[in-house]
Amino acid sequence: MEETIIKTAQPVIDSRIPEGPVAEKWTNYKAHQKLVNPANKRKLTIIVVGTGLAGASAAATLGEMGFNVLNFCIQDSPRRAHSIAAQGGINAAKNYQNDGDSVYRLFYDTVKGGDYRAREANVYRLAEVANNIIDQCVAQGVPFAREYGGLLANRSFGGAQVSRTFYAKGQTGQQLLLGAYSSLNRQINAGKVKSYNRYEMHDIVMIDGRARGIIARNLVTGKLERFAAHAVVIATGGYGNTYFLSTNAMGCNCSAAMACYRQGAYFANPAYVQIHPTCIPVHGDKQSKLTLMSESLRNDGRIWVPKDIEEAKKLQAGEIKGSDIPEERRDYYLERRYPAFGNLVPRDVASRAAKERCDKGFGVNNTGQAVFLDFSEAINRLGIDVIRQRYGNLFDMYEEITDVNPGEKANTIDGVDYYNPMMIYPAIHYTMGGIWVDYELQTSVKGLFAIGECNFSDHGANRLGASALMQGLADGYFVLPYTIQNYLSDQITVPCPTTDSKEFDEAEARVQKNLEHIMAIQGKRSVDSIHKELGHIMWEYVGMGRTREGLLTALDKLKALREEFETNLFVPGTIEGLNIELDKAFRLRDFITMGELIAHDALNRNESCGGHFREEHQTEEGEAKRDDENYFYVACWKYGGSDEVEPTLIKEPLHYEAIKVQTRNYKS
Amino acid sequence: METNISFKLKVWRQAGPKEKGHFETYEMSDIPTDTSFLEMLDILNEQLVEKGEEPVAFDHDCREGICGMCSLYINGHPHGPATGATTCQLYMRRFHDGDTITVEPWRSAAFPIIRDLMVNRNAFDQIQQAGGYVSFNTGGAQDANALPISKVAADEAMDSASCIGCGACVAACKNGSAMLFVSAKVSQFALLPQGKVEAKRRVKAMLAKMDELGFGNCTNTGACAAECPKNIKLSNIARLNREFLCAKCSD
């Protein structure tokens, strides 16, 4: 009897949040944490998997501090990580514009933007170190946009009423990543970081209950290799590609996160998936990815559909063009519904509003699944030169893909010039959920840390624009390098484990068996065809509008899809050497498990919040309706021991001290 | 308007770095013109896998022209016929029904072929590791606005910093020179006060590494800048030469 109680009792989640008021927690933590002295740092090895903003900045900083770092990426160079594609900018509370910004306001906006589902203490720390990031990047030589006086320029992003976003043209992610990459290169040159390109982590090696190494596959030779360390840091990004079509790069995958999950790391809030409102709409069934048009376009672009459904039908039939419809017959639905924030409402709100219009039949494009993003008003006000200076590269990108130039005058009605509007539609973009971490960014597995998009901690149920870059760099430059020392301080006498151990043998054998299994299926379907089917299931039933019934259907379909994968997959070639189909198959298996996890979490969460919208839970006006009484917690999912077994839910209750939890309001 | 086109695809196939390569011809039919070039290769690969054959290996990742992973020499041009765009941003509307499209990997001694269209560009990383950074440790930076930088310099540095490290400049150059790539990084830092302190050391170290790794010399033909998908200007090379001369003179 007693034994049963122990078995079913919920593990207690300790988020290790420091004492004190929220504004003093990080300072207190740093004042009292344990450190590792320079001589001991030289004896300690840390594995960092991933070279995006979080991974590269962490690897570089840990190297600078004196640790030995092994750094892995699946691409041919650390500089290719998908952080590079972030366009818009990075937030910080510098208040350079004197518009009333402060650390508290950035903290508040981020918590509110996340629909009150983020951990307060983590978000405050994020807002606190954000200013250091800008200083750091400028010191590295990142060419941020500047005013004529030589000072840094800012722009606005969704969910904020201040201009706090720093940017480098439409290539902010690129410049920040190249900054981190340059610091990383300096450490590689100094011999403190060893860089492994075209390597993919396949499993975590556990010794005596601690993460002590990884099994990685050399993607060129196909060989499995063993790497040992005192701690392992995962910085492998999000799981957006579960949906097949997303704005993520082709290689983005969740396999490293799933390996952690299978080793006992809890996976938190998987249902919180961000659907970005401004992407180029889907065309055809051969499409491989969706292209984002930066949120910064919403500074000057106005989003609309026709007021008259008949005109929408004509647009869908290709009988008229957007520029044929004059101002008074346009429904600027975001400005109409959310007067205070207008076109700059947070992403989840903007995405749902677009879906609402399209579902009602007002959508444009031949599919009816698109809305207009229009620059006519801004071009008429500021001139095409100013607009091109701001968004020229985005206009070019749009034209290259769609053959339509948004900077081209298309019509004049009653003396008013109308330019070609862009067509946009929401697409999967970012995942707020991720591996559960405590305040120190340590997972529920000792010695295993998760940083950047692959952890869950800072964005709650919805991430604000320009906050992903902020979080990745905050974790990598300023948080993990401190907190990991608190863990490593009692590891200084532990020698780095040898890879000739039973644990490494077993882990490698496990991975080898898995790969051999995939190769042995020899069915009929390609990896991509099954992945596309997965994407359809996810988008249809676990996408922007979710219902209990739909989620149950999704779980059934996913089970059948796993069966299809296990029995009818075909991977050509051999297990030795480079095999791009095998790489993809390995990742697809994890995407299916991830899909189930998202659906389970979405089914459990009987409320709507941020990126998670359950159609049963909405207000009369169609806004998300939270249930703070029953769902004010982080949903942590514990692996059931096999992919076929349902995961168990463990709750981390949220405690808000500094912020009063209320209904999000972007209307007034 | 979307139409479908059919064409011949001549693709370089090579099983490994030391194997002998050859062109393989594939008939592609009814490809929508709003398909991207890489999506067209996806379609080819899907067809090959369906036949039980091995797909064509090529590098690609972000598919929005920024990661620098995609390459391909298409009809004699790195990243194909479009200017200022990478292969992943190239759409089939640039081609015509009945065309023969030739697809080769980057060809340069410093970029050995891994398989088919995939090459090893590790040499670029090594050049960056030799000096492409400001020696600054995390923490302790002064306030970002404490150092005003003229907008002109910042914008020009940004233009140079736009390099995506794809290697098209090397592939386009008859000498296989990496000067445009190196000069972009050297210029970014030369234009900014943060980079001035180490300017001399940087330019010498990066050029020495470039020579060591088997890249050719620059003879100012300008093919690199003409083919660069990010329009990195040839004037960067002039600045690199100036920086190098100044560094050498002060030795």
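How many residues of domain 1 of chain B are in contact with domain 2 of chain B, and how many of domain 2 take part? The contact joins 18 residues of domain 1 of chain B to 18 residues of domain 2 of chain B. The model is predicted. Two interfaces are described below: the one between chain A and chain B, where about 6200 Å² is buried, and the one between the two domains of chain B, where about 1300 Å² is buried.

**Between chain A and chain B: extent**

- Chain A brings 74 residues to the contact, and chain B brings 70 residues.
- Of the buried area of about 6200 Å², carbon and sulfur atoms give 52%.
- On the side of chain A, the residues that lose the most area to chain B are Arg80(A), Arg146(A) and Glu400(A), with 11% of what that side buries between them.

- The rule finds 7 salt bridges across the interface of chain A and chain B.
- Arg93(B) and Asp403(A) form a salt bridge through their side chains, at 3.8 Å from N to O.
- For chain A and chain B, 45 residue pairs are in polar contact, with both residues at pLDDT 80 or more.

**Between chain A and chain B: make-up of the chain A side**

- Several helices of chain A each supply at least two residues of the side that touches chain B, among them H4 (53–65), H6 (120–140), H13 (384–402) and H18 (580–604).
- Helix H7 (172–189) of chain A also belongs to this group, and H7(A) gives the largest share of that side, 9 residues.
- Sorted by class, the side of chain A that touches chain B holds 28 nonpolar, 28 polar and 18 charged residues.

**Between the two domains of chain B: layout and extent**

- In the domain assignment, chain B has domain 1 at 4–115 and domain 2 at 122–249.
- The C-alpha centres of domain 1 and domain 2 of chain B are 29 Å apart.
- Carbon and sulfur atoms give 58% of the area of about 1300 Å² buried between these domains of chain B.
- Within domain 1 of chain B, Pro78(B), Ala110(B) and Phe111(B) lose the most area to domain 2 of chain B, together 33% of what that side buries.

**Between the two domains of chain B: pairs and classes**

- The count of salt bridges between domain 1 and domain 2 of chain B is 0.
- Across the interface of domain 1 and domain 2 of chain B, 5 residue pairs are in polar contact, both residues at pLDDT 80 or more.
- The side of domain 1 of chain B that touches domain 2 of chain B has 10 nonpolar and 8 polar residues, and no charged residues.

Technical notes: Residues are numbered from 1 along each chain as its sequence is written. Chains are lettered from A and ligands numbered from 1 in the order in which they are written. Side-chain values use heavy atoms; hydrogens and water are left out. Contact means heavy atoms within 4.5 Å. Buried area is the accessible area (1.4 Å probe) that two parts lose on being put together, summed over both. A salt bridge is a side-chain nitrogen of Lys or Arg within 4 Å of a carboxyl oxygen of Asp or Glu. A polar contact is a pair of N or O atoms within 3.5 Å; within protein, one must be able to donate a hydrogen and the other to accept it, and residues adjacent in sequence count only if both atoms are side-chain atoms. Helices (H or I, at least four residues) and strands (E, at least two) are DSSP runs, numbered from the N terminus. Ala, Val, Leu, Ile, Met, Phe, Trp, Tyr, Cys and Pro count as nonpolar, Asp, Glu, Lys and Arg as charged, and the others, Gly among them, as polar. Domain bounds come from an automatic or database domain assignment.
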